[in-house]
Amino acid sequence: MPRYKRELFDTGINVPFIILVPKKFSSWQKPGEKILAAADGKVYGVKVKDKCIGNQFAIDFGKAPDGTRLYATHMHVGKIHVKKGDKVKRGQHIADAGELVKTKCGGGIEHLHFHMSKKRGTDPTYWGSWRFLGKPSGWINPHLYWTGGKGRPECFDEGKTYPEGLLTLPVACY
């Protein structure tokens, strides 16, 4: 299993960008480094410069093998390289790690907040996870949907074949 510091939640994962990230252990994630698509999907929402969480976007990753819809929002990011309606491929560079979000919502550390739901939120007046994932009744645990198995996230390796409907880590591994 990759060695990296992360906070585990039932409905999301926070990946600090100032902490060593998995696999080859030769680099530190820094603001501006790559955020990757965790699976093939379609971007269904983008919000730039939210006053609380910074930049945010959401991707529909389709269905997991158990039939659960997989929607994800990516919050506190820097530059976003995709727009609403874009199709993305697993491992594609979709955004850059963000700078410190200097609000009480930002957590006080540069990080990617990767949050999952089985329902798609549609209310632009909401903020945070609610904007693109809807109410907490639909939120799901991403640790059930890794390509390495339950609770076993894997780095994206170009050229490797992955099962459809499962996720690789949404950050570059060095």
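Contact means that heavy atoms lie within 4.5 Å of each other. The structure is a predicted model, in which local features need pLDDT of at least 70, side-chain atom pairs count only at pLDDT 80 or more, and totals for chains, interfaces and linings use all residues. Residues are numbered from 1 along each chain as its sequence is written, and side-chain values use heavy atoms, with hydrogens and water left out.

**Exercise 1. The surroundings of T68**

Task: State where T68 is found, whether T68 is buried or exposed, and what T68 touches.

Solution. 
- Step 1. Helices (H or I, at least four residues) and strands (E, at least two) are DSSP runs, numbered from the N terminus. T68 sits in the loop between β5 and β6.
- Step 2. Buried means under 20% relative accessible area, exposed over 50%, and partly exposed in between (1.4 Å probe, protein chains only). T68 has 17% relative accessibility, so T68 counts as buried.
- Step 3. Not counting residues up to four places away in sequence, T68 touches G62, K63, K118, I140 and Y145.
- Step 4. A polar contact is a pair of N or O atoms within 3.5 Å; within protein, one must be able to donate a hydrogen and the other to accept it, and residues adjacent in sequence count only if both atoms are side-chain atoms. The side chain of T68 has such a contact with the side chain of D66, at 2.8 Å, and another with the side chain of Y145, at 3.4 Å.

**Exercise 2. Salt bridges**

Task: Give the number of salt bridges in the whole structure and describe the one between R131 and D50.

Solution. 
- Step 1. A salt bridge is a side-chain nitrogen of Lys or Arg within 4 Å of a carboxyl oxygen of Asp or Glu. Side chains of opposite charge can pair when their charged atoms come close.
- Step 2. The whole structure has 5 salt bridges.
- Step 3. In the bridge between R131 and D50, the closest N and O atoms are 2.9 Å apart. R131 belongs to helix α1 (residues 129-133) and D50 to strand β4 (residues 41-50), so the pair ties together parts 81 residues apart in sequence. Both R131 and D50 are buried.
- Step 4. K83 forms a salt bridge with D86, with 3.1 Å between the closest N and O atoms. K83 is exposed, because its relative accessible area is 55%.
- Step 5. E154 and K160 also meet in a salt bridge, at 3.1 Å from N to O. K160, at 41% relative accessible area, is partly exposed.

**Exercise 3. Aromatic pairs around Y44**

Task: Which rings are linked with Y44 into a cluster?

Solution. 
- Step 1. Rings of Phe, Tyr and Trp (its six-membered ring) pair if their centres lie within 6.5 Å; planes under 30 degrees apart count as stacked, over 60 as edge-to-face and the rest as tilted. The count is 5 aromatic pairs.
- Step 2. The rings of Y44 and Y71 have centres 5.5 Å apart and planes at 80°, so this pair is edge-to-face. Y44 is in strand β4 and Y71 in strand β6, 27 residues apart.
- Step 3. Y44 is buried, at 6% relative accessible area, and Y71 is buried too, at 10%.
- Step 4. Y44 and F132 form an edge-to-face pair, 6.1 Å centre to centre with 85° between the planes. F132 counts as buried at 9% relative accessibility.
- Step 5. Ring pairs therefore link Y44, Y71 and F132 into a cluster.
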